[in-house]
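Subject: Structure handover

Hello,

Here is the structure I said I would pass on. My notes on it follow below.

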Amino acid sequence: MMSKVLSFGELLLRICPDSAGSWLEENSFPVYVGGAEANVAAALALWEVPSAYMSAIPDNFIARQLVGYLDELNIDTSPIQYSGERIGLYFLDKGKDLKNAGVIYDRKYSSFSELEVNTIDWDKVFEGVSWFHFSAICPAINQSVANVCEEALKAASAKGITISIDLNYRAKLWKYGKEPVEVLPALVQYCDLVMGNVWAAEKMLGIPVSETLVEEHDKSAYLQQSQVSSKAILDQFPKCKHVANTFRFDHGSGIQYYTTLYTQDELYISTEYVAEQIAGKVGSGDCFMAGLIYGFYKGQKPQEIVDFATSAAFAKLFTESDFNTTKIQDIKSVVEQYEN
């Protein structure tokens, strides 16, 4: 039996009222199942990598429906913990980015936010697991969840499990008196693969970035900073072997997108994609993360890994759901017309 990739994070419902307020008259709005780590688990399952998912949810009929939905996607839900009384929610205008100031979180007192150390049997959770993935969203919730993350990382590391983190920064979640840079380094020290962008590395790990970098909007400067930041992460965290950075910029109503992967003392640069129009931004970074895991899991070469992950993430921009729905065999046909 092939070993599993276990993703750990909060299962969320994304509620999308339109900014014009038509939902008030129509008495309806779209609801999507998501959460950064669940998005990774769903993409891997679609790409036929043995994928498991761990979260904490209440034991009620809505939660059971959600678990049934994940089961249908071929995600192993056996690690899910049943506790607490509610599922986390967030509200976001259709088509907007999670970094948008308009995002509204409703996650206090959720089952996941109430997780505590010494309550999870990590030996059981990690049975048959060779890769553990989580994101910086988890420790952003509160100190208790940050402590649970550290507990999980210690257990996974002791078992020789490969560990990855997505340094996704959510300003509206860091509200418990600590800055990300006070929390993340203690967790990243356990990680083999770090994904994010150069600005997230600065905010969360203290890796400096030139103040003029954004204003320059110079691809060569971005790539140079990517290499500098990646090397600094490897120097600061000896266990880390690979660092990936995404560069996603608004391009009119669309997107300019490319990425890098620094590994084996070399910077690998992806194909660049430009689209004039997209369907939605939510879950694209998670799809890139899933693409990286897929490539390393399959033993691909670095250039192949970063090219696949980038094309998968770009293809995700043309779907509205949080979960990736584009199969491997369809990704190339979606993106090839947008190569820059």
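To start with helix packing: the axes of helix H2 (residues 36–46) and H11 come within 8 Å and cross at roughly 50°. An angle under 35 degrees would count as roughly parallel, and one of 65 to 115 as roughly perpendicular; H2 and H11 are therefore oblique to each other. Their crossing is right-handed. On the H2 side the residues involved are Ala36, Asn39, Val40, Ala43 and Leu44, and they meet Asp286, Met289, Ala290, Ile293 and Tyr294 of H11. Sorted by class, this contact of H2 with H11 has eight nonpolar residues, one polar and one charged. Please keep in mind throughout that this is a predicted model.

The other helix pair I looked at is H12 and H13, whose axes are 9 Å apart and which pack at an angle of about 75°. That angle makes H12 roughly perpendicular to H13. H12 contributes Phe308, Ser311, Ala312, Phe314 and Ala315 to the contact, while H13 contributes Ile328, Ile331, Val334 and Val335. These residues divide into eight nonpolar, one polar and no charged.

Threonine 326 belongs with that pair, as it lies in the loop between helix H12 (302–316) and helix H13 (328–335). Is threonine 326 buried or exposed? Its relative accessible area is 9%, and the limit for buried is under 20%, so threonine 326 is buried. Beyond residues up to four places away in sequence, threonine 326 touches Leu46, Trp47, Ala315, Thr319, Ile331 and Val334. One of these, Ala315, is also among the H12 residues in the contact with H13.

Next, the salt bridges. How many are there in the model? The count comes to 11, and I describe some of them here.

Aspartate 76 pairs with lysine 4, with 3.0 Å between the closest N and O atoms. This pair links distant parts of the chain, since aspartate 76 is in strand S6 (residues 75–76) and lysine 4 is in strand S1 (residues 4–8), 72 residues apart. Aspartate 76 is partly exposed, at a relative accessible area of 23%, and lysine 4 is partly exposed as well, at 22%.

Arginine 86 forms a salt bridge with aspartate 106, and here the closest N and O atoms are 3.1 Å apart. Distant parts of the chain are again linked: arginine 86 sits in the loop between strand S7 (81–82) and strand S8 (88–91), and aspartate 106 in strand S9 (residues 104–106), 20 residues apart. Arginine 86 counts as partly exposed at 22% relative accessibility; aspartate 106 is partly exposed at 30%.

Lysine 281 bridges to aspartate 250, the closest N and O atoms being 3.0 Å apart. Lysine 281 is in the loop between strand S16 (273–275) and helix H11 (284–297), and aspartate 250 is in strand S13 (residues 242–251), so that the pair links distant parts of the chain, 31 residues apart. Lysine 281 is buried, with a relative accessible area of 17%, whereas aspartate 250 counts as exposed at 58%.

There is also a network of salt bridges, which links Asp192, Lys239 and Lys241.

Strand S13 also holds alanine 244. Alanine 244 is buried, with a relative accessible area of 1%. Apart from neighbours within four places in sequence, alanine 244 is in contact with Val194, Met195, Gly196, Thr260, Leu261, Phe288 and Leu292. The C-alpha atoms of alanine 244 and threonine 263 are separated by 8.7 Å, with the two residues 19 apart along the chain.

Last, proline 185, which lies in helix H7 (residues 180–188). Which residues does proline 185 contact, leaving aside its neighbours within four places in sequence? They are Pro180, Met204, Leu205 and Phe237. Leucine 205 is 20 residues from proline 185 along the chain, and their C-alpha atoms are separated by 5.8 Å.

Regards

Terms used. Residues are numbered from 1 along each chain as its sequence is written. This is a predicted model: local features need pLDDT of at least 70, side-chain atom pairs count only at pLDDT 80 or more; totals for chains, interfaces and linings use all residues. Side-chain values use heavy atoms; hydrogens and water are left out. A salt bridge is a side-chain nitrogen of Lys or Arg within 4 Å of a carboxyl oxygen of Asp or Glu. Helices (H or I, at least four residues) and strands (E, at least two) are DSSP runs, numbered from the N terminus. Buried means under 20% relative accessible area, exposed over 50%, partly exposed in between (1.4 Å probe, protein chains only). Contact means heavy atoms within 4.5 Å. Axes are lines fitted to C-alpha atoms, for helices over the stretch in contact, and angles run from 0 to 180 degrees between N-to-C directions. Angles under 35 degrees count as roughly parallel, over 145 as roughly antiparallel, 65 to 115 as roughly perpendicular and the rest as oblique. A crossing is left-handed if the near helix is turned anticlockwise from the far one by less than a right angle, and right-handed if clockwise. Ala, Val, Leu, Ile, Met, Phe, Trp, Tyr, Cys and Pro count as nonpolar, Asp, Glu, Lys and Arg as charged, and the others, Gly among them, as polar.
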